[in-house]
There are 2 protein chains.
Amino acid sequence: MLDFSSSDFQTWERFYRARFFNSLGGYKSLNLLGTASSTGQTNLGLFFSVIHVGANPPLLGLLFRPHTVPRHSLENFRESGQATLNAVHADILAPAHQSSASYSAEESEFAATGLNPAYREAFQAPYVQESRLSAGLLYREEHRVEANDCIFVVAEITWVRLDEKALFDDGLIEHSAIDSLAVNALDSYYRPAPFRRYDFARAGEDLKELPWPPNPK
Amino acid sequence: MLDFSSSDFQTWERFYRARFFNSLGGYKSLNLLGTASSTGQTNLGLFFSVIHVGANPPLLGLLFRPHTVPRHSLENFRESGQATLNAVHADILAPAHQSSASYSAEESEFAATGLNPAYREAFQAPYVQESRLSAGLLYREEHRVEANDCIFVVAEITWVRLDEKALFDDGLIEHSAIDSLAVNALDSYYRPAPFRRYDFARAGEDLKELPWPPNPK
């Protein structure tokens, strides 16, 4: 086993260090965040920092690093109060990754990557037509991380558009059925395969495996 | 495509709804959080809500839902200022899942599941001996989510213990090399396989694929 401590971290080259700590926590989900500015300019950002916050009301957390590309997304989300979350599947990985390039505020990542913006009635933020799972988000609150000025935004899910293949009888959105990808660090993409499903664990009882997959809806 | 909105969400049965929104954001990393109380009682909690916050200083975010099992972890983390994050690989999935059962504060999940606590010099929170990637965390700050009383804790990484197989030349911790798992909802575990690696994207330039995997360290 290797062993490192703070005094080692400080000697590491900047990109080595960034990749190490970006990958330490494990796999992340891969989504595109769609927003529009007050003048209607669309923006699309590749987003690795989504966290489940609650189901009732349905809430997601989104962490923004203010000095990286998705800052247009944050500005638009704050001003318009709306954004969309769009799952990335294998067939749209290349344009999704390309959207992480640094485009000016006047240039839409939709036009630059060839992904198509689409609109839901009475919702101004665009979603990604090609995505198999999109959700409409309403801005609820934000918190500034004092340690490094990141912004943690909490959003409420107000609508969901979903390929029927992904929704199973018990409410599970089974991401491998729509070929959703996972990511590690900023550049390494993975395809997850179903491994095991367990029933709710109870103290003093043996684990029960559940059939995989459950019946599709 | 299926289409749902807030008025639909409200009609859903509680567990269906929880599973749906827990899986909406996509794959999550799978870790065990190790802590100790002021009296030295160890605690181990299965944890799906880790987010990368920064590399310099190295920071992670951890979201705690106050009304679910890992609340002993949060109390211990606040009081002692220390915790460990331990990646879950396929061979320890069964005891890791079992640790999500509701044990009393007097009962350690280590003893109940058979996973072994181990200690690093001058650090009181136990790590999981069987894990192939463990990190020591220092409590830095917390924020209360007003919308549902979740607690977002920011922690600094102070040491890392890592199987050498996982560390690549460029700093990437390549989780599939140590068989780390991902999770969806609360019960569905996945094994991710390397899919694609891209160079940093630049506006107006074609994407460049990188070799996979990079040279192991």
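B:Asp170 is located in the loop between strand 11 and strand 12 (182–184) of chain B. Helices (H or I, at least four residues) and strands (E, at least two) are DSSP runs, numbered from the N terminus. This is a predicted model, in which local features need pLDDT of at least 70 and side-chain atom pairs count only at pLDDT 80 or more, while totals for chains, interfaces and linings use all residues. Residues are numbered from 1 along each chain as its sequence is written, chains are lettered from A and ligands numbered from 1 in the order in which they are written, and side-chain values use heavy atoms, with hydrogens and water left out.

B:Asp170 counts as buried because its relative accessibility is 18%; buried means under 20% relative accessible area, exposed over 50%, and partly exposed in between (1.4 Å probe, protein chains only). A polar atom of the B:Asp170 side chain lies 3.1 Å from the backbone nitrogen of B:Leu172. The term denotes a side-chain nitrogen of Lys or Arg within 4 Å of a carboxyl oxygen of Asp or Glu. A network of salt bridges links A:Arg19, A:Asp187, B:Asp170 and B:Arg197.

How many residues of each chain take part in the contact between chain A and chain B? The contact involves 109 residues of chain A and 109 residues of chain B, where contact means heavy atoms within 4.5 Å. The size of an interface is often given as the accessible area lost when the parts come together. Here the area buried between chain A and chain B is about 9100 Å², with carbon and sulfur atoms giving 61% of it; buried area is the accessible area (1.4 Å probe) that two parts lose on being put together, summed over both. Between the chains there are 60 residue pairs in polar contact, both residues at pLDDT 80 or more. On the side of chain A that touches chain B, 57 residues are nonpolar, 27 polar and 25 charged. In this division Ala, Val, Leu, Ile, Met, Phe, Trp, Tyr, Cys and Pro count as nonpolar, Asp, Glu, Lys and Arg as charged, and the others, Gly among them, as polar. A polar contact is a pair of N or O atoms within 3.5 Å; within protein, one must be able to donate a hydrogen and the other to accept it, and residues adjacent in sequence count only if both atoms are side-chain atoms. Six salt bridges are found across the interface.

Strand pairing also crosses between the chains. Strand 1 (residues 2–5) of chain A runs antiparallel to strand 11 (residues 151–162) of chain B, the two being joined by four bridges; strands pair if DSSP finds at least two bridges between them. In this arrangement A:Phe4 stands opposite B:Val160. An open sheet of six strands with antiparallel pairing has the order 2(A)-12(A)-13(A)-13(B)-12(B)-2(B). Its edge strands, strand 2 of chain A and strand 2 (28–29) of chain B, each pair on one side only. Within chain A, three bridges join the antiparallel strands 12 and 13, and A:Asn184 stands opposite A:Ser188 in strand 13.

Helix 2 (residues 14–24) of chain A has buried residues that include A:Tyr16, A:Phe20 and A:Leu24. Just after the helix, A:Gly26 takes a positive phi of about 105°. A:Tyr27 then lies in the loop between helix 2 and strand 2 (28–29) of chain A.

Is A:Tyr27 buried or exposed? A:Tyr27 counts as buried, at 2% relative accessibility. Leaving aside residues up to four places away in sequence, A:Tyr27 touches residues of both chains, among them A:Val183, A:Tyr190, B:Lys28, B:Leu181 and B:Pro192. A polar atom of the A:Tyr27 side chain lies 3.1 Å from the backbone nitrogen of B:Ser176.

Over all chains the structure holds 24 salt bridges. One of them joins the side chains of A:Arg132 and A:Asp91 (3.4 Å, N to O). A:Arg132 lies in the loop between strands 9 (127–128) and 10 (133–144), and A:Asp91 in the loop between strand 7 (82–87) and helix 4 (93–98), all of chain A, so the pair ties together parts that are 41 residues apart in sequence. A:Arg132 is partly exposed at 23%, whereas A:Asp91 is exposed at 59% relative accessibility. In chain B, the side chains of B:Asp179 and B:Arg191 meet in a salt bridge (2.8 Å, N to O).
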